[in-house]
Amino acid sequence: MDDTAALLALADRMLWISALVAAPVLLAGLAVGLVIGVIQAATSINEQTLTFVPKLAAIALVLVLMGGAMLGLVGDFARDIFAEIAGLAR
């Protein structure tokens, strides 16, 4: 039963790490999309491709600024999970 608890703890941590990595990119896209949507509603410009370039730029900026931290989280988790798997195999 102890192995099952350890694997469930790893799965729980994996979900939190994936949420932490995905959140900045998703929130940036959401914020830019909301602002562009309000501007489009106020000016009655209903062009679907108008939101693509600002969202792309915002997501690229977030990845440039926070990509190292995101990769660090994933790398630390990978190192921990491989150590945990090696410990479970003994």
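Helices here are DSSP runs of H or I with at least four residues, and strands are runs of E with at least two, numbered from the N terminus. This is a predicted model, in which local features need pLDDT of at least 70, side-chain atom pairs count only at pLDDT 80 or more, and totals for chains, interfaces and linings use all residues. Residues are numbered from 1 along each chain as its sequence is written, and side-chain values use heavy atoms, with hydrogens and water left out.

**Stop 1: helix 1**

Select residues 2-43, which form helix 1. Helix 1 has 42 residues and reaches 60 Å from its first C-alpha to its last, close to the 62 Å expected at 1.5 Å a residue. That expected span is 1.5 Å times one less than the number of residues.

Now centre on Ala23. Helix 1 bends there by about 35°, and a proline, Pro24, follows within four residues. The bend at a residue is the angle between axes fitted to the seven residues ending there and the seven starting there.

Next, colour by exposure. Buried means under 20% relative accessible area, exposed over 50%, and partly exposed in between, with a 1.4 Å probe and protein chains only. The buried residues of helix 1 are Ala6, Leu10, Ile17, Pro24, Val25, Ala28, Gly29, Val32, Gly33, Ile36 and Gln40. They pack against helix 2, where contact means heavy atoms within 4.5 Å. As background to such spacing, an α-helix has 3.6 residues a turn, so residues three or four places apart point the same way.

For contrast, pick Leu30, also found in helix 1. Leu30 counts as exposed because its relative accessible area is 57%. Asp3, placed in helix 1, is partly exposed at 44%.

**Stop 2: the loop**

Ser44 lies in the loop between helix 1 and helix 2 and is exposed, with a relative accessible area of 61%.

Move along to Thr51, in the loop between helix 1 and helix 2 (52-89). Is Thr51 buried or exposed? At 18% relative accessibility, Thr51 is buried. Setting aside neighbours within four places in sequence, Thr51 is in contact with Ile36 and Gln40.

Select Gln40 next, which lies in helix 1. Its relative accessibility is 13%, so Gln40 counts as buried. Not counting residues up to four places away in sequence, Gln40 touches Ile45, Asn46, Glu47, Leu50 and Thr51.

**Stop 3: helix 2**

Select residues 52-89 for helix 2. Helix 2 has 38 residues, but its end C-alpha atoms are only 48 Å apart, short of the 56 Å that a straight helix would reach at 1.5 Å a residue. Centre on Met66 to find a kink of about 60° in helix 2.

Show the side chains of Ala58, Val62, Met70 and Phe77, which are buried in helix 2. What covers the buried residues of helix 2 includes helix 1. Take Ala58 as an example: this residue is buried, with a relative accessible area of 16%. Beyond its neighbours within four places in sequence, Ala58 is in contact with Ala28 and Val32.

**Stop 4: the two helices together**

Two packed helices are described by the angle between their axes and the distance between the axes. Show helix 1 and helix 2 side by side: their axes come within 10 Å and cross at roughly 180°. Therefore helix 1 is roughly antiparallel to helix 2. By class, the contact of helix 1 with helix 2 has 24 nonpolar, two polar and five charged residues. Axes are lines fitted to C-alpha atoms, for helices over the stretch in contact, and angles run from 0 to 180 degrees between N-to-C directions. Angles under 35 degrees count as roughly parallel, over 145 as roughly antiparallel, 65 to 115 as roughly perpendicular and the rest as oblique. Ala, Val, Leu, Ile, Met, Phe, Trp, Tyr, Cys and Pro count as nonpolar, Asp, Glu, Lys and Arg as charged, and the others, Gly among them, as polar.

**Stop 5: C-alpha distances**

Finish with the distance tool.

- Asp3 to Ala89: 86 residues apart in sequence and 9.7 Å apart in space, C-alpha to C-alpha.
- Ala58 to Ala22: 36 residues apart in sequence and 14 Å apart in space, C-alpha to C-alpha.
- Leu30 to Ile85: 55 residues apart along the chain, with C-alpha atoms separated by 37 Å.
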